[in-house]
Amino acid sequence: MAKLTVAILGLDRLGASIALRLRTYVEKGGQHRFELIGYDSREDFEKPARKLKVFDKVERKAYAAVESADLVIMNLPFEDLRAGYELVAASLREGVVILDTAVIKQPSLRWAAEFLNDEHHLIGFSPIVNADYMLEHQLTPEYAADDYFHDCRIYLTPAVNSIREAIDLAVNFSLILDGKPHFLDPAEHDSLTTVTEEIPQVLSVAAYSAAMKHNAWGDAQRLTNPPFNVLTRYLLTHHPDALRDEWLANSDSLVRAIDEFLATLRQLRDRLAEGDESAIEAFLIEASDEYQEWINKRHKGDWGEQPSARVQYDTSIAGTLFGSAVGKRLFGGNKDGDR
């Protein structure tokens, strides 16, 4: 049995859900134990996270939260991420494993190379949310759930120089969260999340920008029901600095994706201008049929993949770190000792 200290930097719904899941795992007799330390500079996130009473402590400084951590969940807002790495680097213990939840991974790898040393091990970490929650957009910790990642993929994006022990710990930690670990190359990950994460952000902001510039906006803004509010919600849930930094950091991929979406919109616009009923109907039917197929797969988690696409699991968590700094702390460095 291992006992790990886990620091979670960023106590939004995702960060708080990780903490809740670890508490549930322990309460249900899980093999390992966790000391949970939280941190968030945002008062609207820190106070509700404290009220959950799942953290052993919630620190007011990021460097204090990581000082004793064996595992750090780097879940900070994107605009704070580079500064976060710089701030905590000197306080990280040797052998620490850092799981980075950023929407795009390549910037974090660069910042890790800039600020961390060879005994700090970064693995990109992208949990996919339980399909039961995927139509919800609340981000605050009050909405955390211990089944937030139940039976869903957790994408791991190690760097080319990531050590096997750190990757093994990330795999086993994913299993404890009740997820299904899969590997992706960081560049491939970022190209995919351009479509699924950043294009929705762009469309959200662009929709509001276009609406407020419309000559009827003075009256139309009074007719804002849920469809408009849901579409434009990124301006509520994300700081402009975060969107700016994230878009610029992934600009090449994002420009290509915008071009593809603009081509689709132009085609639709032309069919509407022509009053082409059959073409518009065909467009809607194709999208509807494909959506139904996708949403069913998403709920079932059945993507028709071969077993070779899956990760090979080891059910011991920190036991995989024998010989590393974490293993020595937890087990006295004895490779043959009891696990």
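These questions and answers walk through a predicted model.

Reader: How many salt bridges does a search of the whole structure find?
Author: The search covers the whole structure. One of the pairs is R244 with D245, whose side chains meet at 2.8 Å, N to O. The total found is 17.

Reader: Is D70 buried or exposed?
Author: D70 forms a salt bridge with R93, and their closest N and O atoms are 4.0 Å apart. The pair links distant parts of the chain, 23 residues apart. Buried means under 20% relative accessible area. D70 has 5%, so D70 counts as buried.

Reader: How many residues apart in sequence are the parts tied together by K180 and D151?
Author: K180 forms a salt bridge with D151, with the closest N and O atoms 3.3 Å apart. K180 lies in strand β8, while D151 is in the loop between β6 and β7. The pair therefore ties together parts whose separation in sequence is 29 residues.

Reader: How far apart are the end C-alpha atoms of α13?
Author: Helix α13 has 24 residues. At 1.5 Å a residue, they should span 34 Å. The distance between the end C-alpha atoms agrees with that: 35 Å.

Reader: What is included in the cover of the buried residues of α13?
Author: I280, I295 and R298 are buried in α13. The cover over the buried residues of this helix includes another helix. That helix spans residues 251-274 and is α12.

Reader: Which residue just after α13 takes a positive phi?
Author: Helix α13 covers residues 277-300. Just after the helix, phi is about 65 degrees. The residue with this positive phi is G301.

Reader: How far apart in space are Q221 and A211?
Author: Q221 is found in the loop between α8 and α9. Q221 and A211 are 10 residues apart in sequence. In space, C-alpha to C-alpha, their separation is 8.4 Å.

Note on methods
Residues numbered from 1 in each chain as written. Predicted model: local features only at pLDDT ≥ 70, side-chain atom pairs only at ≥ 80, totals over all residues. Heavy atoms only, no water. Helix = DSSP H or I, 4+ residues; strand = E, 2+ residues; numbered from the N terminus. Expected span 1.5 Å × (residues − 1). Buried < 20%, exposed > 50% of the residue type's maximum accessible area, 1.4 Å probe, protein only. Contact = heavy atoms within 4.5 Å.
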